[in-house]
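Please look over the sequence and the model before reading on.

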Amino acid sequence: MKYRVCVLGATGLVGQRMVSILSRHPWFYIESLMASERSSGRRYGDIVKWVIDEPFPDSVGDIVVSKVDVDSIVGDKPDIVFSALPSAIAKDVELELVRRGLVVVSNASPYRMESYVPVLNPEVNADHIELARLQERLGWSGFLFKVPNCTTAILTLALKPLVEEYGVRRVIVSTMQALSGAGYYGVPSIAILDNIIPFIKGEEEKVESETRKILGRFNGSGVDYADIGVSASCHRVMVLDGHLESVFVETTREVDDLDNVKKVLEEYSCNMIRGMGLPTAPDKPVIVRNEIDRPQPRLDRMEGRGMSIVVGRIRIDHVIGGLKFIVLGHNTIRGAAGTAVLIAELVVRKNLV
């Protein structure tokens, strides 16, 4: 049996990634695709401007796209709704869907910091999924699960093994974020060619708040946020896919053996999802490169089918009192669509659908 799914915002970059992954998924079947009203009533293959670096899946080409309509979605009763909607639209649509009993896995930012809404990076905090069982206190009869901000998803996966081994007191991160993170029409070419834009609206606040929630402890009735100071500076660079982050970590325990640091990162495997057989989970969530000039977006972003992060240039930092390193992740796969599908797999295994 395959689970019937609906994708909202199916024509955007993240929506295309969702469609690409779901179209070949062993557990899920794309039953419906929804987008803006201008795309409604036309075949997906005719209206989508397919720009991602995966072949267009012929199996979805004949699906007639519908406009996003809550009553239609509720009437169809898909097992899982994947949302790649813009935040301004997602806020009301997703809330109404979960109020009316549907399971929604969303890439949009609204409600990420709501007390009973899990922001899931499954290899990091799979146990937070139990927050969903408390959502009835909000008057919801369905469940809402949130994908982290793309930068945060990459960062927290790199930090989790270090938190467990050394303890983390403070994190300073400076990012170099790919153009695809802003969407197809997000950054005009004249603005980014021969340039770096040293500001991304709302990004730093998301990284600083979501990181503490994701690395926090589920206590049975909520999340105790991690007692970690996080300071972020975020920048848009002229790279198509792959966010590169320069990370400085103050640890609570002394770091004096880089070989052990590399071992801790490379051998990290989340006990909470090990053995679940989740198809989208990479064999190695964290990959370490020892070359002095890696990772690089063009060379390393597709590790683990885009679901692994790649860490390199690991060094002891005596000024901050801990470590400094570079981490790379594919922002529309690990940081968006891939993690959404991984969350849905976890939802299935936890019998929440």
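## Second largest pocket

Helix 1 supplies the largest share of the lining of the second largest pocket, three residues. The model is predicted. This pocket holds about 230 Å³ of space. Its lining counts 13 residues, and I21, R24, P279, T280 and R305 are the closest to its centre. By class, six are nonpolar, three polar and four charged.

## Largest pocket

The largest pocket holds about 1500 Å³ of space. It is lined by 49 residues, with G12, A84, L85, P86 and G183 the closest to its centre. Elements giving two or more residues to this lining are helix 1 (13–23), helix 4 (87–99), helix 8 (203–214) and helix 11 (333–349). Helix 1 gives the most, with four residues. The lining has 19 nonpolar, 20 polar and ten charged residues.

Six strands make an open, parallel sheet in the order 3-2-1-4-5-6. Strand 3 (66–67) and strand 6 (143–146) stand at the edges with a single partner strand each, so one side of each has no neighbour in the sheet.

Strand 4 (residues 80–83) pairs with strand 5 in the parallel sense, over three bridges. F82 stands opposite V105 of strand 5.

## V103

V103 belongs to strand 5 (residues 103–106). V103 is buried, because its relative accessible area is 7%, under the 20% cut-off. Beyond neighbours within four places in sequence, V103 contacts D79, I80, V81, F143, F145, V347, L352 and V353. G306 lies 203 residues from V103 in sequence and 25 Å away in space, C-alpha to C-alpha.

Technical notes:
Residues numbered from 1 in each chain as written. Predicted model: local features only at pLDDT ≥ 70, side-chain atom pairs only at ≥ 80, totals over all residues. Heavy atoms only, no water. Buried < 20%, exposed > 50% of the residue type's maximum accessible area, 1.4 Å probe, protein only. Contact = heavy atoms within 4.5 Å. Pairing = 2+ DSSP bridges. 1 Å grid on protein atoms, 1.4 Å probe; cavity = no way out; pocket = protein on both sides within 12 Å on 5 of 7 lines; lining within 4 Å. Points joined across faces, edges and corners; volume = space filled by probe spheres on them. Nonpolar A, V, L, I, M, F, W, Y, C, P; charged D, E, K, R; others polar.
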